[in-house]
Amino acid sequence: MFCLDWLNVVKLKLHYTSNDMNTENEIQLIHEELQEMNKKIDRIYHVLIGDDEMKIEGLVSKVQKHDKYIQNQRLQVARLGGIATAAGIVGGLIVQFILRLL
C-alpha cells in the first residue's frame, strides 16, 4: 500500500509539473502575442497620427490639409462664379447703354 501511494504521489507531481510547464509555455506564448499586438498597434498609431521625430505625416493631418484645400477650392469657385456673374451683368448693361445711344 505504501508503494502504491508513493507511486501516485510521483504521478501527481509529474502531472502538476507538466501542467506548470504547459502554463509557463502558454504564458510565454501569450506574452509573445501581446508584444506582436503592441508592435502592430504602434504601427497603426504612427500611420494615423504620424511621428514628428521621424518627420512622418499621419493620415489625420493629411485629411485636415485636404479638407482645407477643398474648402479653399470651393471658395475660389464661388468667387469666380460671382465675378463671372458680375461681369455678365455689367457687360449686358454696357451693351444696353450703347444700343440706346445708337
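Before anything else, I wrote down the cut-offs: buried means under 20% relative accessible area, exposed means over 50%, and partly exposed is in between.

**Entry: what I have.** I am working from a predicted model. I counted two helices and two strands in the protein. Reading from the N terminus, I get the order α-β-β-α.

Entry: The mean pLDDT of the protein is 82, and 79% of the residues reach at least 70.

**Entry: surface.** I looked up the accessible surface of the protein and got about 9,800 Å², with 65% of that belonging to carbon and sulfur atoms. Of the 102 residues, 3% are buried.

**Entry: nonpolar patch.** Which residues form a nonpolar patch on the surface? I listed Val 90, Ile 94, Val 95, Phe 97, Ile 98, Leu 99, Leu 101 and Leu 102. Together they have about 870 Å² of accessible area. I took Val 90 as my example, and I found Val 90 in helix α2. Its relative accessibility is 46%, so by the cut-offs Val 90 is partly exposed.

**Entry: salt bridges.** How many salt bridges does the structure hold? I found two.

One joins the side chains of Lys 39 and Glu 36, at 3.8 Å from N to O. I wanted to know how these two are placed in the chain: they sit three residues apart in helix α1 (residues 2-49), so about one helical turn separates them. Glu 36 has 39% relative accessibility, which makes it partly exposed.

The other pairs Glu 57 with Lys 65, and here the closest N and O atoms are 3.0 Å apart. I checked accessibility for both partners. Glu 57 is partly exposed at 33%, while Lys 65 is exposed at 53%.

**Entry: a charge without a partner.** I went to strand β1 (residues 50-51), where Asp 51 lies. Is Asp 51 buried or exposed? I have Asp 51 down as buried, and with no salt bridge. Lys 55 is the nearest side chain of opposite charge, 9.3 Å away. For a salt bridge, the side-chain nitrogen has to be within 4 Å of a carboxyl oxygen. What I did find by Asp 51 is the backbone nitrogen of Glu 53, 3.3 Å from a polar atom of the Asp 51 side chain.

Terms used. Residues are numbered from 1 along each chain as its sequence is written. This is a predicted model: local features need pLDDT of at least 70, side-chain atom pairs count only at pLDDT 80 or more; totals for chains, interfaces and linings use all residues. Side-chain values use heavy atoms; hydrogens and water are left out. Helices (H or I, at least four residues) and strands (E, at least two) are DSSP runs, numbered from the N terminus. Buried means under 20% relative accessible area, exposed over 50%, partly exposed in between (1.4 Å probe, protein chains only). pLDDT is the predictor's confidence in each residue, from 0 to 100. Patches are made of residues with over 30% relative accessible area and no salt bridge: like charges are joined within 9 Å, nonpolar side chains (Val, Leu, Ile, Met, Phe, Trp, Tyr) within 5 Å. Accessible areas come from the Shrake-Rupley method with a 1.4 Å probe; for residues, only the protein chains shown count as cover. Lys and Arg count as positive and Asp and Glu as negative; His and the chain ends are not counted. A polar contact is a pair of N or O atoms within 3.5 Å; within protein, one must be able to donate a hydrogen and the other to accept it, and residues adjacent in sequence count only if both atoms are side-chain atoms.
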